[in-house]
Amino acid sequence: VQLQAFGGGLAQPGGSLRLSCTASGSIFSVDVMGWYRQAPGQQRELVATVTNFGYTNYRDSVKGRFTISRDNAKNTAYLQMNSLKPEDTAVYYCNFKMVGYDYWGQGTLVTVSS
């Protein structure tokens with residue numbers, strides 16, 4: 001199973017970006033799709049998750065600004081990021097949990113700067 005993330009880049013404060021992550025390979029059912037991020041010198045942190053039942057969870061600092069969603073038919077997770085702030089700058093990683101295993105994408109850099 002391989003995860004490929006897309007959509008990072010440079011955004012101005014207050015701007016928007018949309019990340020996507022698609023899994024390929026032998027995929028049966030993804031229990032949880034999630035996004036994590038790691039800023040320079042910081043530990044990786046959870047941003048948002050969505051279960052196969054559609055339940056979502058967000059870290060407090062992104063609530064009301066970020067929206068996670070999934071398309072099971074496409075084995076794809078999305079992260080819509082609005083009202084971006086400089087402190088959102090980080091490498092964003094997608095994570096899929098399947099049958100007790102964790103799969104990670106390669107990371108995509110999001111930079112929020114004027």
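The following questions and answers concern a predicted model of a protein structure.

Me: Which residues does tyrosine 92 contact, leaving aside its neighbours within four places in sequence?
Reply: Tyrosine 92 is among the residues with the most contacts inside the largest nonpolar core. Leaving aside neighbours within four places in sequence, its contacts are Leu19, Trp35, Tyr36, Arg37, Val47, Phe66, Leu79, Met81, Gly107, Thr108 and Val110.

Me: How many residues apart in sequence are the parts tied together by cysteine 21 and cysteine 94?
Reply: A disulfide is a covalent bond between the sulfur atoms of two cysteines. The structure holds 1 disulfide, and cysteine 21 and cysteine 94 form it with their sulfur atoms 2.1 Å apart. Cysteine 21 belongs to strand β3 and cysteine 94 to strand β9, so the parts that this pair ties together are separated in sequence by 73 residues.

Me: What is the handedness of the link between cysteine 21 and cysteine 94?
Reply: Cysteine 21 is buried, at 0% relative accessibility, and cysteine 94 is likewise buried at 0%. The angle about the S-S bond is 55°, and the link is right-handed.

Me: Is arginine 37 buried or exposed?
Reply: Arginine 37 meets aspartate 88 in a salt bridge, at 3.0 Å from N to O. This pair links distant parts of the chain, with arginine 37 in strand β4 and aspartate 88 in the loop between β8 and β9, 51 residues apart. Aspartate 88 counts as buried, at 1% relative accessibility. Because the relative accessible area of arginine 37 is 6%, arginine 37 is also buried.

Me: How far apart are the closest N and O atoms of aspartate 88 and arginine 65?
Reply: Aspartate 88 lies in the loop between β8 and β9 and arginine 65 in the loop between β6 and β7, so their pairing ties together parts that are 23 residues apart in sequence. Arginine 65 counts as buried, at 10% relative accessibility. The two residues form a salt bridge in which the closest N and O atoms are separated by 2.7 Å.

Me: Which side chain of opposite charge is nearest to arginine 70, and how far away is it?
Reply: Side chains of opposite charge can pair when their charged atoms come close. Arginine 70, in strand β7 (residues 66-71), is buried yet has no salt bridge. A salt bridge requires a nitrogen and an oxygen within 4 Å. The nearest side chain of opposite charge is that of aspartate 31, at 7.1 Å.

Me: Which backbone oxygen does the side chain of arginine 70 reach at 3.1 Å?
Reply: The side chain of arginine 70 reaches the backbone oxygen of valine 50 at 3.2 Å. At 3.1 Å, that side chain reaches the backbone oxygen of threonine 51.

Me: Is valine 99 buried or exposed?
Reply: Valine 99 lies in the loop between β9 and β10 (101-104). Its phi is near 50°, a positive value in a residue other than glycine. Because the relative accessible area of valine 99 is 64%, the residue is exposed.

Me: What is the phi of asparagine 75?
Reply: Asparagine 75 is found in the loop between β7 and β8, and is partly exposed with a relative accessible area of 22%. Although asparagine 75 is not a glycine, its phi is positive, at about 50°.

Conventions:
Residues numbered from 1 in each chain as written. Predicted model: local features only at pLDDT ≥ 70, side-chain atom pairs only at ≥ 80, totals over all residues. Heavy atoms only, no water. Helix = DSSP H or I, 4+ residues; strand = E, 2+ residues; numbered from the N terminus. Buried < 20%, exposed > 50% of the residue type's maximum accessible area, 1.4 Å probe, protein only. Lys, Arg positive; Asp, Glu negative; His and termini not counted. Polar contact = N/O pair within 3.5 Å; in protein donor to acceptor, adjacent residues only side chain to side chain. Core = buried A, V, L, I, M, F, W, Y, C linked by side-chain atoms within 4.5 Å. Contact = heavy atoms within 4.5 Å. Disulfide = S-S within 2.5 Å.
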